[in-house]
Amino acid sequence: MTHARKRLATLIAVGMTAILTATADSGFDMKPLKLEAPEMKPELVDVRAYKEFSNTTPTAGPDLDFLKSKTNPGTNAYRVMDDLTFVGIPLFVAGWAIKGDKAMFRVNNKNGKKNTQLLTDFKTGIDDYTQFFGPVMTVGLKLGGVEGRSDWPRLMASAAMSYGIMGAFVNGIKYTAKEMRPDGTTANSWPSGHTATSFVGATLLHKEYGLTRSPWYSVAGYGVATATGVMRVLNNRHWVSDVMSGAGIGIMSTELGYALSDILFKGKGLLRNDLVLDSDDPSFFSISMGLGIGGKDIGFNAIRDLQDKEVHGIDQETADLLKDEESLNVNIDFRAATVVSAEGAYFFNKYVGVGGQFRVRAMSSKSFGKFADISSEDANELWEYEITDLYDAANFNLTTEDINNGGAPITKLEGIVKSNHLAEFTASLGLYFNVPITNTLSLGSKLLIGRSFTQELDIDGHAEGNVKDINYGMVIEDGKILDNEDGGKAVFLNPPASTGDTYTDDWDFLTLGSSNATSWGTGLSLTYRYKSNFSWKLFVDYDYSEKKFTMTYDPYHFLKKGLTSSAYSLISNRLLSDAEMSSLPYYLTPEVYKKTKKMNYVTIGLSFAVNF
């Protein structure tokens, strides 16, 4: 007997002795030990088939069996109601509810014609491609041999039904509602087809790989889909309401498509079960889209500070009177805001945690475009009026021919909207709270402090015309310009005349921005944990900040290039007597309006959250 066999025999003997001793000590009667051999029956097993169907790990190499159906053992059929979340419904309804908040943005004389539409220079074509991110990722992973929820036949059927339902909803509503797009091109704005397509793809990726492999697939899909919707707004192709309704339709359509597949295929064609997170930890990372209300107007008064009044020859009594003039008050109105957020929190227990949020709030203006509502004809009329006033003050009479000698001073004038959105970026940190209600429902709250940064509204001006000159002379005694008395001419003004040169001027026509400010935030949320590591949240957030807004309005900047230096100096420096000063135009300097305003924002929205 070898050494190993001797050692094994010794171990067996010791073990049997211990068992017999323990039995004897227990006081029970000993019975003879009987050993029975099990009955053995030979069977043939298809080992290759067993390996194929039992493989729940990524297959080696690409999966090109598009028509071959297979089902991995151990996968469970989905129950329809377990997988329907209905979260697309509130998104669609929210978009429908704010459809009326679309006061047209008027920009006149754009490309030589009147428009009742929103036009900006922002343009990107990325959204034409990002709408397909979800299906491209899903198919790419599948081709690469990474098993998802479904085999090829079931995946293609689910996708086809999802896109078919989405297409029927979107086109049926588009050509019934006939909403005009912001850029005024076609009447098929609501809902957004790009956004709906993008959210169908995101939900495909979520169901195939986010639920079964890693939640970060879902985060990537819904993140890109949300960005697609935002770009559709920034590109002036859709209103906020179009995007929200499109997102809702996209999610609903895919859930219905997969529900139909679950009914038709039952357990056939399933390769992986959903991941199960054995934890009730409320820690999360989420992306959200919401509707911002509140803080929808900023009012300025056209009478600025005392220094400006003195420059313009306006005394305090006159300023007080003018302050009541409605026409001199400037008010910027805003539509409901688009709000997109990324948020995360780590919880120490079920109730308290710490976290942070990055939020982008974009408010488009209803009335911002009226400041660009000026044409070259309007500018020339104003030129004639003001120049006539200038010459009348010096006892000169001018005809229209004198004023426009050598051609009109402005042959083209337009406002070009560079940005019609007041965009606020806020980064915040703070405490998060969670109160469980049931295994799947919980209430949440938070207390945040952060810093907000604002991107300004911006209209650029563009002017073209003929350069004008005004020759003048004056008599000065003791440092004072003499008045025109006794028929004498102490001030000599020749009619404006063209120099023969032309000019082009591009400048900041109007800007509106604010200083950076501290932001305070809180909110309430209702979380529905529909899978072990996925949740949907309905939330209402409140944010407060005190901002200092500045609006600069410079509509006649072109005169710096449209007049010679001597002519511009004559007007801007008021080279006439004090008595005549108040009658001269004072629009050459930019008008700067300032306002400190307490901003109260309320955001209502929906979050897609990954729990850890």
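Guide: Lys531 stands opposite Phe534 in S18, where strands (E, at least two residues) are DSSP runs numbered from the N terminus. This is a predicted model, in which local features need pLDDT of at least 70, side-chain atom pairs count only at pLDDT 80 or more, and totals for chains, interfaces and linings use all residues. Residues are numbered from 1 along each chain as its sequence is written, and side-chain values use heavy atoms, with hydrogens and water left out.

Visitor: How many bridges join S17 to S18?

Guide: Two strands count as paired if DSSP finds at least two bridges between them. Here eleven bridges join S17 (residues 517-531) to S18, the two running antiparallel, and they form a hairpin with two residues between them.

Visitor: Which strand pairs with S18 over 20 bridges?

Guide: That is S19 (residues 591-611), paired with S18 in the antiparallel sense, and within it Ile604 is the bridge partner of Val540. S18 (residues 534-553) is also joined to S16 (residues 497-514) by five bridges, again antiparallel, and Thr511 stands opposite Thr552 in S18.

Conventions: Helices (H or I, at least four residues) and strands (E, at least two) are DSSP runs, numbered from the N terminus.
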